[in-house]
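Hello,

I am passing a structure on to you, and my notes follow below it. Have a look at it first, then read on.

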Amino acid sequence: MKTPTIRWVRSVALLSIALMVASCSVLPQVGPNKRQIYSGSVQRSGDAFVVSVNDRVTRATSVQPALGFSEKFKNAGRVGSDTIRPGDTLGLTIWENVDDGLLAGEASNQTILEEVQVDGSGFIFVPYAGRIRAAGNSPESIRRIITAKLDEQTPDPQVQVRRLAGDGSTVSLVGAIGAQGVYPIERPTRTLAAMLSAAGGLTIPAEVAQITVIRGEERSKVWFQDLYKHSEFDIALRGGDRILVEQDSRAFTALGATGAQARVTFETQTLSAIEAIATVGGLISSTSDPTGVFILRNEPAEIANQVLSRNDLIGDQRLIYVLDLTKPNGMFMARDFSVRDQDTLYVTEAPFAQWSKVIGAMTGALGVVSTVDSASAALGGG
């Protein structure tokens, strides 16, 4: 009476194994395999272009974000450290060659006027000399003007004019800088590189540091390293400039059979596919398929048309670039292919990895059958 039951249970278990083997889609996997990716291509009525990477594709996609100051920023000459501007603050000392002068009291022939600020129109007021235009002049020119004005009223006046830091001759530095704050533009700090040094330098790696200068309604950005590679980027500063130091925010996402699955920020100005793979720990030797390394990207129409040798595409296009590291030049292609911001690096599992899962599932199912047999035999013996 028990034998038909045992045979029925065994048949159900074996049927389950057969169904599992027949449909690999029920097995766990890290993501789509190569066959599934290709089935979603435009060539097969999908919505993404699948393209094998070669030298022509590498050249067409090697576009990187170009950073650099505009011509207006680069062509601005250095402001003389002695040129007075609205908002600057001056210090005046006046000596009179008489005991009881216009400005000095009886006990002294010296008068000190501290922090005389240049108004918005560029003028200062000096007692008995009147309203004097300071903006656009040097301290020496202002000294001569004041001397001439006072000479008419007191014999042989001696005037000293000192330029102090003021609102019109300062810049503000914020971000990843040693000491954020407001700094005066002085003779040693009239250029961007010098001002960054005066503020304590960077607190982030130089390779990924970006410097943004905001001047009025205009802004321009440059890589920190380019300040020293290209002398024209070490621009002259202007009063009121705002300088922002920040780390490059570009990143790519790594998924699939790689050493790590994560969002990874760029650590250099440029990043190749081979470097991106290395950054996440490389391929997993036991499961990765070196013929299935994919870069997924939304490509501008201009580049997509070049890659696909077309001229009719409009708007961003979904492109999937395929790298086969097993080819003779596969590693070179991966080295030359540039990864860009928001790219997705995806590595498929090797086919044998799926078979290993099938075999594991079969082994587990056969174990269940064996258990059923044993249990049935025990019940039959009872």
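How do the residues lining the second largest pocket divide into nonpolar, polar and charged? There are 5 nonpolar, 2 polar and 3 charged (Ala, Val, Leu, Ile, Met, Phe, Trp, Tyr, Cys and Pro count as nonpolar, Asp, Glu, Lys and Arg as charged, and the others, Gly among them, as polar). Among them are Ile37, Asp47, Arg297 and Asn298. Two elements, β14 (288–299) and β15 (317–323), each give two or more residues to this lining.

Before you go further, please note that this is a predicted model, in which local features need pLDDT of at least 70 and side-chain atom pairs pLDDT 80 or more, while totals for chains, interfaces and linings use all residues. Residues are numbered from 1 along each chain as its sequence is written, and side-chain values use heavy atoms, without hydrogens and water.

There is also an open sheet with 5 strands in the order β8-β7-β11-β9-β10 and mixed pairing (strands are DSSP runs of E, at least two residues, numbered from the N terminus; two of them pair if DSSP finds at least two bridges between them). β8 (181–184) and β10 (218–223) are at the edges with a single partner strand each, so one side of each has no neighbour in the sheet. Strands β7 (170–175) and β11 (242–247) run parallel, joined by 4 bridges; valine 174 has leucine 244 in β11 as its bridge partner.

Finally, leucine 237 sits in the loop between α7 (226–229) and β11. Leucine 237 counts as buried because its relative accessibility is 1% (buried means under 20% relative accessible area, with a 1.4 Å probe and protein chains only).

Best wishes

Definitions and conventions. 1 Å grid on protein atoms, 1.4 Å probe; cavity = no way out; pocket = protein on both sides within 12 Å on 5 of 7 lines; lining within 4 Å. Buried < 20%, exposed > 50% of the residue type's maximum accessible area, 1.4 Å probe, protein only.
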